Amino acid sequence: MTNAVKLNQPVRNNWTDWRMMKDNRRRKLLVQYAPDRVRAKALKKNDVLPAEIIEIGTKMLAEIPRDASLTRVRNRCAITSRPRGVVTRWRLSRIVWRSLADYNKLSGVQRAMW
């Protein structure tokens, strides 16, 4: 018997679905292009500089990928990749957070008692 890799076995990775992979790619681009983006935006918004330099800033900003913008990044649940109702501190959706909190799986969470 040989130790061959099965080709029909599913590929496992850290991402729940393609949306999470896309969001992670956007976060990497954001970090990569952040300094250039800040410089280009500063040139574009400055009204004291000559028009030629402002135009250079506009062109620089147009060359940076759209996905490098902070507004294109979305907080998602780390388990289900749900985009809405994410509890920021734990990076979990409200549904997953509640199910884990019910069984005392989250540190720092106590059930309400009165």
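Where is Arg 91 found? Arg 91 sits in the loop between strand S1 (86-87) and strand S2 (92-93). Its backbone deserves a look. Arg 91 is not a glycine, yet it has a positive phi of about 55 degrees. The residue counts as exposed, because its relative accessibility is 53% and the cut-off for exposed is over 50%. All of this is read from a predicted model.

Now step back to the whole chain. The protein chain has three helices and two strands. Starting at the N terminus, the order of elements is α-α-β-β-α. The chain counts 114 residues, and 21% of them are classed as buried. Consider next the contacts with a sequence separation of 6 or more. Of these, 36% join residues 24 or more positions apart.

The helix pair comes next. Helix H1 spans residues 18-45, and helix H2 spans residues 51-63. Their axes come within 7 Å and cross at roughly 145 degrees. The crossing of H1 and H2 is left-handed. On the H1 side, the contact is made by Arg 37, Ala 40, Lys 41, Leu 43 and Lys 44. H2 contributes Ile 53, Ile 54, Gly 57, Thr 58, Met 60 and Leu 61. By type, the residues of this contact divide into six nonpolar, two polar and three charged.

Lys 59 also lies in helix H2. Is Lys 59 buried or exposed? Lys 59 counts as exposed, because its relative accessibility is 51% and the threshold is over 50%. Lys 59 and Lys 44 are 15 residues apart in sequence, and their C-alpha atoms are 9.0 Å apart in space.

Go back to H1 for a contrasting residue. Arg 26 lies in helix H1. Why does Arg 26 count as buried? Its relative accessible area is 16%, and buried means under 20%. Which residues does Arg 26 contact, leaving aside its neighbours within four places in sequence? They are Asp 67, Arg 72 and Val 73.

H1 supplies the largest share of the lining, with four residues. By type, the lining divides into five nonpolar, four polar and four charged residues.

The tour ends in the segment after helix H3 (94-102). Asn 104 has its place there. Asn 104 has a positive phi of about 60 degrees, although it is not a glycine. Asn 104 is exposed, because its relative accessible area is 62% and over 50% counts as exposed. Ser 107 lies in the segment after H3 too. Ser 107 is exposed, with a relative accessible area of 61%. How far apart are Ser 107 and Trp 90 in sequence and in space? The two are 17 residues apart in sequence and 9.8 Å apart in space, C-alpha to C-alpha.

Note on methods:
Residues are numbered from 1 along each chain as its sequence is written. This is a predicted model: local features need pLDDT of at least 70, side-chain atom pairs count only at pLDDT 80 or more; totals for chains, interfaces and linings use all residues. Side-chain values use heavy atoms; hydrogens and water are left out. Axes are lines fitted to C-alpha atoms, for helices over the stretch in contact, and angles run from 0 to 180 degrees between N-to-C directions. A crossing is left-handed if the near helix is turned anticlockwise from the far one by less than a right angle, and right-handed if clockwise. Contact means heavy atoms within 4.5 Å. Ala, Val, Leu, Ile, Met, Phe, Trp, Tyr, Cys and Pro count as nonpolar, Asp, Glu, Lys and Arg as charged, and the others, Gly among them, as polar. Buried means under 20% relative accessible area, exposed over 50%, partly exposed in between (1.4 Å probe, protein chains only).
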